[in-house]
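Hi,

Here is the structure I promised to pass on. My notes on what turned up in it follow below.

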Amino acid sequence: MLNNTQIRRCLDAMAEMFPNAKGELIHSNPFELVIAVLLSAQCTDKLVNKVTADLFKKYKTPEDYLAVSLEELENDIRSIGLYRSKAKNIQKLCRTLIDKFDGVVPQTKEELVQLAGVGRKTANVVASVAFDEPSIAVDTHVERVSKRLGICRWKDSVTEVENTLMRKVPRDEWSVTHHRMIFFGRYHCKARNPECPKCPLLDICREGKKRMKKIEE
């Protein structure tokens with residue numbers, strides 16, 4: 001496991017590599033962001049942005065999503081994986097927004113997770129990006145990078161990873177660290193072909209060292 005000095009080095013290296021890291025889902029308000037993040041589960045941001053370009057022109061409010069049949073909404077998001085369950089969740093989410101929150105996206109994580117299809121990760125993303133609340137959302141990239149580097153343990157659950165990062169990363173850096181770790185995982189420490197040979201953190205990365213050893217053998 002990395003010590004605090006090594007973790008600081010990781011954070012600084014990611015900041016240097018990806019100084020402008022930020023959320024890549026295109027949206028113009030918190031409501032659009034919730035829908036976009038919900039659609040992004042097991043799907044690339046690029047594809048979501050392609051679909052929402054038309055979707056957000058057609059649907060502006062929770063009422064708009066409820067004014068059409070489930071089949072019509074499914075058809076509008078058909079190119080996205082799990083589109084049937086996502087369409088159902090969108091309509092349930094919109095119903096809850098209207099019934100419980102006067103049609104307005106709530107700002108707290110505790111309230112956000114009451115919405116259909118909104119888990120802890122989505123709530124963290126929305127709270128951070130839409131409402132500037134310090135958060136670390138653990139997606140597949142954040143989890144992979146944390147475990148490969150040795151900031152977290154391999155056996156840690158997503159919640160344990162989140163808690164460990166919140167403990168070891170300064171609170172005022174939570175949100176930006178979340179984005180930088182995603183970029184680091186998406187464009188550098190990739191799932192299948194991580195760029196270990198040219199990684200500035202290779203000398204302290206347990207996974208990187210193992211991989212390099214195999215290459216050398």
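The buried residues of helix H8 (residues 120–131) are covered by elements that include H2, helix H7 (109–112), helix H10 (158–168) and H11, where covering rests on contact, meaning heavy atoms within 4.5 Å. Those buried residues are Thr122, Ala123, Asn124, Val125, Val126, Ala127 and Ser128. Buried here means under 20% relative accessible area, exposed means over 50%, and partly exposed is what falls in between (1.4 Å probe, protein chains only). Helices are DSSP runs (H or I, at least four residues), numbered from the N terminus.

Please keep in mind that this is a predicted model: local features need pLDDT of at least 70 and side-chain atom pairs count only at pLDDT 80 or more, while totals for chains, interfaces and linings use all residues. Residues are numbered from 1 along each chain as its sequence is written, and side-chain values use heavy atoms, with hydrogens and water left out.

Staying with H8 for a moment, its 12 residues reach 15 Å from first C-alpha to last, close to the 16 Å expected at 1.5 Å a residue; the expected span is 1.5 Å times one less than the number of residues. After H8 comes aspartate 132, with a positive phi near 55°.

Next, the nonpolar cores. A nonpolar core is a set of buried Ala, Val, Leu, Ile, Met, Phe, Trp, Tyr and Cys residues joined through side-chain atoms within 4.5 Å. The largest one has 36 residues, and Ile35, Leu55, Tyr65, Ile90 and Leu93 touch the most other members. H2, H3, helix H6 (83–101) and H8 each supply at least two residues of this core, and the largest share, eight residues, comes from H2. Leucine 93 touches Phe31, Val34, Ile35, Leu38, Leu115, Ala116 and Val118, leaving aside residues up to four places away in sequence. Apart from this core lies another, of 28 residues, among them Cys10, Val145, Trp174 and Met181.

Now the charged pairs. How many salt bridges are there? The count comes to 16, taking a salt bridge as a side-chain nitrogen of Lys or Arg within 4 Å of a carboxyl oxygen of Asp or Glu. Glutamate 24 pairs with arginine 186, their closest N and O atoms being 2.2 Å apart. This pair links distant parts of the chain, 162 residues apart: glutamate 24 sits in the loop between helix H1 (4–17) and helix H2 (30–39), and arginine 186 in helix H11 (residues 174–187). Glutamate 24 is partly exposed at 30% relative accessibility, and arginine 186 is partly exposed at 24%.

Another salt bridge joins glutamate 207 to arginine 211, at 2.9 Å between the closest N and O atoms. Both lie in helix H12 (residues 206–216), four residues apart, about one turn of the helix. Glutamate 207 counts as buried at 14% relative accessibility, whereas arginine 211 is partly exposed at 27%. Elsewhere, salt bridges that share partners join Arg8, Asp12 and Glu173 into one network.

Best wishes
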